[in-house]
Amino acid sequence: MAVVISLQGAVPADVAVGLSPLAELMACLHSIAEPEHHLAVRPWLERVRADLSPESRSLIAVYAPLWARRRCRLLMPLERPLGRTLEQELARLEALPLDDFVLGVAPSVHGGVFDTGGLLTDQAVRDAYTLSSERRSFSRGELARSLLQAPERTRTGLLELLRRCAAEFFDTEWTRVRHRLEIECTRVRARVQALPLPEALASLSPNAVVRHNPPSVVFDKLQSLRVDLRGRHCLLVPSVHARPHLIVKDDPPYPLVVHFPVESTAQVERATLAQVRLRLSILSDPVRLSLCRHLVNEPITTSDLAVRTGMTMPQVSRHLGRLREAGLLTSRRNGRQIYHRLDTDCLMHLGADVLTSIIR
């Protein structure tokens with residue numbers, strides 16, 4: 001499964017890079033609702049969750065399907081230009097024709113695969129949609145029923161929640177992360193102008209692959225999607241709180257959106273999927289795992305390891321080479337001896353790297 005964006009005939013002018021506070025707020029709400037995916041910001045999440053008003057906490061639970069796995073397209077920029085304020089984006093959502101609001105929200109409320117054609121006019125489709133949403137979860141069923149029976153009230157409640165969140169935590173957080181995101185926008189704009197479009201878009205993810213015939217970029221995602229960018233606009237929106245997720249949303253007539261994560265300067269560099277696979281494969285060998293027990297406690301030479309384990313020095317050297325290949329070993333020379341030690345920081349982050357690679 002993958003997301004494939006075909007760039008045959010696309011030009012840099014088709015691609016806009018910019019900020020969206022509404023998309024960042026949705027990313028915050030996703031991490032609040034699913035904190036187990038976002039280990040790197042857990043202290044921030046704990047503070048925000050503790051300070052939320054009971055009313056906001058209740059509304060976040062009601063509208064949670066909109067920022068679950070299938071993010072709501074209406075909570076991302078609907079058009080160019082990018083860089084509007086949060087209130088301007090909310091006003092655009094508030095002014096959207098009600099039918100467009102219903103059709104834009106319905107897929108996320110359901111959260112699965114459901115053909116929403118006829119949802120506005122066919123009672124049988126409406127009943128089937130509500131029942132199918134309810135089968136996925138009770139909360140989805142309740143929100144689906146509210147969306148169809150009282151769409152204006154549903155939108156008003158959503159806007160009330162988003163403005164509550166802005167006042168309670170997001171305005172402060174946006175002030176903190178905005179400069180970091182502006183820097184990333186400048187970098188990505190430069191790459192869009194300087195590089196072929198496939199390479200520029202592939203730079204948004206360590207697990208992206210460039211194809212040349214036809215020119216395209218492939219994102220390794222648990223999602224099957226093919227998009228032809230010819231004659232369309234693409235919006236690239238950086239996010240601090242979206243990490244580790246990269247979100248690609250294609251909901252015509254709106255532009256394609258790539259909501260991509262930006263690593264904090266305070267964070268360690270995360271391993272790629274290939275590096276994670278290599279490290280797990282190398283550590284799965286019982287002999288190398290036994291060597292790691294010696295290497296974790298103190299710096300040790302190849303000859304000492306051979307004596308302790310009963311292996312020959314060439315055997316030990318081969319295993320050390322595999323650990324070094326995976327970035328799990330550090331070595332330093334002291335006189336004529338070379339001392340090896342397990343990179344415990346790398347090993348400590350392996351669990352988080354595995355989780356990040358799975359849910360990216």
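**Figure 1. Secondary structure of the predicted protein chain.** The chain comes to 14 helices and ten strands. The model is predicted. Along the principal axes, its C-alpha atoms fill a box of roughly 80 × 50 × 40 Å. The chain has 360 residues, and 49% of them are buried. Take the contacts between residues at least 6 apart in sequence: 67% of these join residues at least 24 apart.

Figure 2. Helix 5 covers residues 98-110. Its end C-alpha atoms are 18 Å apart. That agrees with the 18 Å that 13 residues should span at 1.5 Å a residue. The buried residues of this helix are F101, V102, G104, V105, A106, P107, S108, V109 and H110. They pack against four elements: helix 4 (86-95), helix 6 (123-136), helix 7 (138-149) and helix 8 (151-194). G111 follows helix 5 and has a positive phi, near 85°.

Figure 3. L93 lies in helix 4. Its relative accessibility is 1%, so L93 counts as buried. Beyond its neighbours within four places in sequence, L93 is in contact with L74, L75, F101, R155, L158 and L159. F101 is also one of the buried residues of helix 5. For scale across the chain, L93 and L289 are 55 Å apart, C-alpha to C-alpha. In sequence, 196 residues separate L93 and L289.

Figure 4. R155 is found in helix 8. R155 counts as buried because its relative accessibility is 4%, under the 20% limit. Leaving aside neighbours within four places in sequence, its contacts are L93, E94, A95, L96, P97, L98 and F101. Among these, L93 lies in helix 4, and F101 is a buried residue of helix 5.

Figure 5. L59 is placed in helix 3 (residues 54-62). With a relative accessible area of 17%, L59 is buried. L59 and E160 are 101 residues apart in sequence. Their C-alpha atoms are 9.0 Å apart in space.

Figure 6. R80 and P81 are joined by a cis peptide bond, with omega about 0°. P81 sits in the loop between helix 3 and helix 4. The bond from N213 to P214 is cis as well, and its omega is near -5°. P214 lies in the loop between strand 3 (208-212) and strand 4 (215-219).

Figure 7. R279 is found in helix 10 (residues 273-283). R279 is buried, at a relative accessible area of 10%. Its side chain reaches the backbone oxygen of A326 at 2.6 Å. Not counting residues up to four places away in sequence, R279 touches A271, A326, G327, L328, C346, L350 and D353.

**Figure 8. The crossing of helix 11 and helix 13.** Helix 11 (residues 286-295) packs on helix 13 (residues 313-325) at an angle of about 80°. Their axes are 10 Å apart. The two helices are therefore roughly perpendicular to each other, as that class takes in angles from 65 to 115 degrees. Helix 11 brings V287, R288, L291, C292 and L295 to the contact, and helix 13 brings H319, L320, R322 and L323. By class, the contact has six nonpolar, one polar and two charged residues.

**Figure 9. H319 of helix 13 in detail.** H319 lies in helix 13 and takes part in the contact with helix 11. At 14% relative accessibility, H319 counts as buried. Apart from its neighbours within four places in sequence, H319 is in contact with D285, V287, R288, L291 and M311. Of these, V287, R288 and L291 belong to the helix 11 side of the contact. H319 and D285 are 34 residues apart in sequence and 9.6 Å apart in space, C-alpha to C-alpha.

Methods: Residues are numbered from 1 along each chain as its sequence is written. This is a predicted model: local features need pLDDT of at least 70, side-chain atom pairs count only at pLDDT 80 or more; totals for chains, interfaces and linings use all residues. Side-chain values use heavy atoms; hydrogens and water are left out. Buried means under 20% relative accessible area, exposed over 50%, partly exposed in between (1.4 Å probe, protein chains only). A polar contact is a pair of N or O atoms within 3.5 Å; within protein, one must be able to donate a hydrogen and the other to accept it, and residues adjacent in sequence count only if both atoms are side-chain atoms. Contact means heavy atoms within 4.5 Å. The expected span of a helix is 1.5 Å times one less than its number of residues. Axes are lines fitted to C-alpha atoms, for helices over the stretch in contact, and angles run from 0 to 180 degrees between N-to-C directions. Angles under 35 degrees count as roughly parallel, over 145 as roughly antiparallel, 65 to 115 as roughly perpendicular and the rest as oblique. Ala, Val, Leu, Ile, Met, Phe, Trp, Tyr, Cys and Pro count as nonpolar, Asp, Glu, Lys and Arg as charged, and the others, Gly among them, as polar.
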